[in-house]
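Please keep the sequence and the structure in view while reading.

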Amino acid sequence: MKAIILVGGEGTRLRPLTYSTVKAMVPVLNKPFIEYVIRHLVNHNVKEVILALGYKPDAITNHFADVHQLDARLVYNVEARPLGTAGAVKNAERYIDETFFVLNGDVFTDINLGDMLQFHKNKGAKVTIALTPVEDPSRFGVVETDSRKRVIRFIEKPKPGQSTSNMINAGIYIIESDILRRIPAGRYIMFEHDIFPALLAEGEPVFGYETNAYWIDMGTPEQYLQLNRDLMFGKSTQVQFREQDICIDEQSSVHPEAKLTAPILVGRDCIISHGVWLKGPVVIGAGCRIHDGAIISNSILWQDVTIGAQASLEDCIVASNNHIEDKAHIAGAAINKARATKQS
Ligand code: GTP
């Protein structure tokens, strides 16, 4: 089985963090996000992963040039311009000859893909859309199904009372390869707005596979922070971290009078100085330096970040190579002083 991962967007909702890296490469518990997505596919017997790349593809291809232990063949299909979710899949048509998975590149999920595939076959579906429940569907694309789970309606960002369903499109699809013939080549086309509603209108069998497995779209700073927090609290089966864990890389040093409240993950070559208090969940990437008396709570630091003495950070994300001044007090911020132009 093959899978296409859509990693094309600019990551506008995740700015300013994506000024210095693409969304797929943002670190989650100190590993690039896309690695989790690929490993999950490999664990479900996907042997070939096609990365549909748009924005800054080199960030991803360079990374995987150094990573060899993925047990899947990686194919890079770079787009010259944005083609939308369906256009990007059409653009990868030459790699596809059978039923295949499509995944939005900003979704982290424990969904059982083998079970979803079985469902797809049992139903005789042309397209199966994974559906996940949310409390407030008003920001999402809601999908209504009948008692056999056949899709009957799509409602984009429903107003109160407009739909009784709280099942949303989870951004994971199984598609029969003949559907590709129906997508025009070289144009900007979205599955969600163009292809799926058209299939429905023509009476094609489109089904919704409901799952309660862990699922999150990490496309905003708040959701990204939430994902890291959830993984540290053991909410995903893919990560063995537990809420009482304090994991410090052995090449880092922690002053005996620093205070550590779990869960905490500290990467290599970090220095945590006298009187620092890390109030978990806290993730600190490689090469960070936390000066005397700083307090960091519910925050993520990427690589080579410096936190000045007596500074305090709460609910923050600090991108790589940033410096927080002594005695600064910052809450609820995504901090990245880099600008996109410097990085391309
Ligand atoms: P961004 O934050 O800008 O990425 O947009 P979004 O999160 O609102 O993504 P959207 O819902 O538009 O798209 C869903 C997924 O498809 C995301 O993982 C996008 O990166 C990806 N995607 C969107 N447009 C394209 C495209 O033109 N080409 C490719 N390869 N992927 C795309």
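The points below cover the domains, the contact between them, the salt bridges, one glutamate and some backbone features.

The structure is a predicted model, in which local features need pLDDT of at least 70 and side-chain atom pairs count only at pLDDT 80 or more, while totals for chains, interfaces and linings use all residues. Residues are numbered from 1 along each chain as its sequence is written, and side-chain values use heavy atoms, with hydrogens and water left out. The protein chain is divided into domain 1 (2-219) and domain 2 (242-342), with bounds that come from an automatic or database domain assignment. The rule for salt bridges gives a count of 14.

**Domains and their interface**

- The C-alpha centres of domain 1 and domain 2 are 33 Å apart. Ten residues from domain 1 and 15 residues from domain 2 take part in the contact, where contact means heavy atoms within 4.5 Å.
- The size of an interface is often given as the accessible area lost when the parts come together. Domain 1 and domain 2 bury about 1000 Å² between them, and 69% of this lies on carbon and sulfur atoms. Buried area here is the accessible area (1.4 Å probe) that two parts lose on being put together, summed over both.
- Of the area that domain 1 buries against domain 2, 53% is supplied by Leu17, Tyr19 and Asn30, more than by any other three residues.
- Three residue pairs are in polar contact between domain 1 and domain 2, both residues being at pLDDT 80 or more. A polar contact is a pair of N or O atoms within 3.5 Å; within protein, one must be able to donate a hydrogen and the other to accept it, and residues adjacent in sequence count only if both atoms are side-chain atoms.
- The side of domain 1 that touches domain 2 has six nonpolar, three polar and one charged residues. In this classification Ala, Val, Leu, Ile, Met, Phe, Trp, Tyr, Cys and Pro count as nonpolar, Asp, Glu, Lys and Arg as charged, and the others, Gly among them, as polar.

**Salt bridges**

- Arginine 13 and aspartate 217 form a salt bridge in which the closest N and O atoms are 3.4 Å apart. Arginine 13 lies in the loop between β1 (2-7) and β2 (27-28) and aspartate 217 in strand β13 (residues 215-217), so the pair ties together parts that are 204 residues apart in sequence. Strands (E, at least two residues) are DSSP runs, numbered from the N terminus.
- Arginine 13 is partly exposed at 43% relative accessible area, whereas aspartate 217 is buried at 17%. Buried means under 20% relative accessible area, exposed over 50%, and partly exposed in between (1.4 Å probe, protein chains only).
- Lysine 149 and glutamate 210 meet in a salt bridge of 3.4 Å, N to O. Lysine 149 lies in the loop between β9 (141-145) and β10 (151-156) and glutamate 210 in strand β12 (residues 206-210), so this pair ties together parts 61 residues apart in sequence.
- Lysine 149 is partly exposed, with a relative accessible area of 27%, and glutamate 210 is partly exposed at 36%. Elsewhere, salt bridges that share partners join Arg13, Lys23, Asp106 and Asp217 into one network.
- A salt bridge of 3.0 Å, N to O, links arginine 153 and glutamate 144. Arginine 153 is partly exposed at 39%, while glutamate 144 is buried at 13%.

**Glutamate 48**

- Glutamate 48 is part of strand β4 (residues 48-53) and is buried, with a relative accessible area of 11%.
- The side chains of glutamate 48 and arginine 73 are joined by a polar contact of 3.2 Å. Leaving aside residues up to four places away in sequence, glutamate 48 touches Met1, Lys2, Ala3, Arg73, Val75 and Tyr95.

**Backbone features**

- The peptide bond from arginine 15 to proline 16 is cis, with omega near 10 degrees; proline 16 is in the loop between β1 and β2.
- Alanine 262 and proline 263 are also joined by a cis peptide bond, with omega about -5 degrees.
- Asparagine 321, although not a glycine, has a positive phi of about 65 degrees, and is exposed at 61% relative accessible area.

How values were computed: Helix = DSSP H or I, 4+ residues; strand = E, 2+ residues; numbered from the N terminus. Salt bridge = Lys/Arg side-chain N within 4 Å of Asp/Glu carboxyl O.
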